[in-house]
Amino acid sequence: MAIINTTDENFAETIKSDKPVLVDFWASWCAPCKMIAPILEEISNELGDKITIAKHNIDDFPSVPVKYNIRGIPTMLIFSKSELKDTKVGATTKSNLLEFINKNI
């Protein structure tokens, strides 16, 4: 399943999904963000039927990060039917990310 790129305009619609949605808040200059990008790609391919993975560029679309008080990146939020379920801040391993996802889906 392909990763969705969210904008300030499509964010609310994206997190309304019937499937849980993990949103990765990132920026092009962020080294830890680049580190977890391939991991999120793998997870999207492996768990695409259970969860939607989305990426939100904080520089290009700054309104949503302000709304959710994003202070450091990468920050990952998991939503279920528009409701914020959990937050994870910082780069981490694939196994930690899978654990974070599995406890929230």
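Two strands are taken as paired if DSSP finds at least two bridges between them, and with that criterion the predicted model shows an open sheet of five strands in the order β1-β3-β2-β4-β5, with mixed pairing. The edges of this sheet are formed by β1 (4–6) and β5 (83–89), each of which pairs on one side only. From one strand to the next, the twist averages 25 degrees. As background to the pairing described below, strands of a sheet pair through backbone hydrogen bonds, either parallel or antiparallel.

With strand β3 (residues 52–57), by contrast, β2 pairs in the parallel sense over six bridges, and here W26 stands opposite N57 in β3. The strand is mostly covered, since five of the six residues of β2 are buried.

T6 counts as buried because its relative accessibility is 2%, where buried means under 20% relative accessible area. The side chain of T6 is joined to that of H56 by a polar contact of 2.7 Å. Leaving aside neighbours within four places in sequence, the residues in contact with T6 are F11, T14, A54, K55, H56 and F61.

The next feature is a covalent link between cysteines. C30 and C33 form a disulfide in which the sulfur atoms are 2.3 Å apart, and the count for the model comes to one disulfide. The angle about the S-S bond is 80 degrees, and the link of C30 and C33 is right-handed. What is the burial state of C30? With a relative accessible area of 4%, C30 is buried, and C33 is likewise buried, with a relative accessible area of 2%.

In the loop between α3 (63–67) and β4 lies P74, and the peptide bond joining I73 and P74 is cis, with omega at about 0 degrees. N69 is also found in the loop between α3 and β4, and although N69 is not a glycine, this residue has a positive phi of about 55 degrees. N69 is exposed, because its relative accessible area is 51% and the cut-off for exposed is over 50%.

A positive phi also occurs at S82, a residue other than glycine, where the value is near 75 degrees. S82 is found in the loop between β4 and β5, and at 32% relative accessibility S82 counts as partly exposed.

Technical notes: Residues are numbered from 1 along each chain as its sequence is written. This is a predicted model: local features need pLDDT of at least 70, side-chain atom pairs count only at pLDDT 80 or more; totals for chains, interfaces and linings use all residues. Side-chain values use heavy atoms; hydrogens and water are left out. Helices (H or I, at least four residues) and strands (E, at least two) are DSSP runs, numbered from the N terminus. Axes are lines fitted to C-alpha atoms, for helices over the stretch in contact, and angles run from 0 to 180 degrees between N-to-C directions. Buried means under 20% relative accessible area, exposed over 50%, partly exposed in between (1.4 Å probe, protein chains only). A polar contact is a pair of N or O atoms within 3.5 Å; within protein, one must be able to donate a hydrogen and the other to accept it, and residues adjacent in sequence count only if both atoms are side-chain atoms. Contact means heavy atoms within 4.5 Å. A disulfide is a pair of cysteine sulfur atoms within 2.5 Å.
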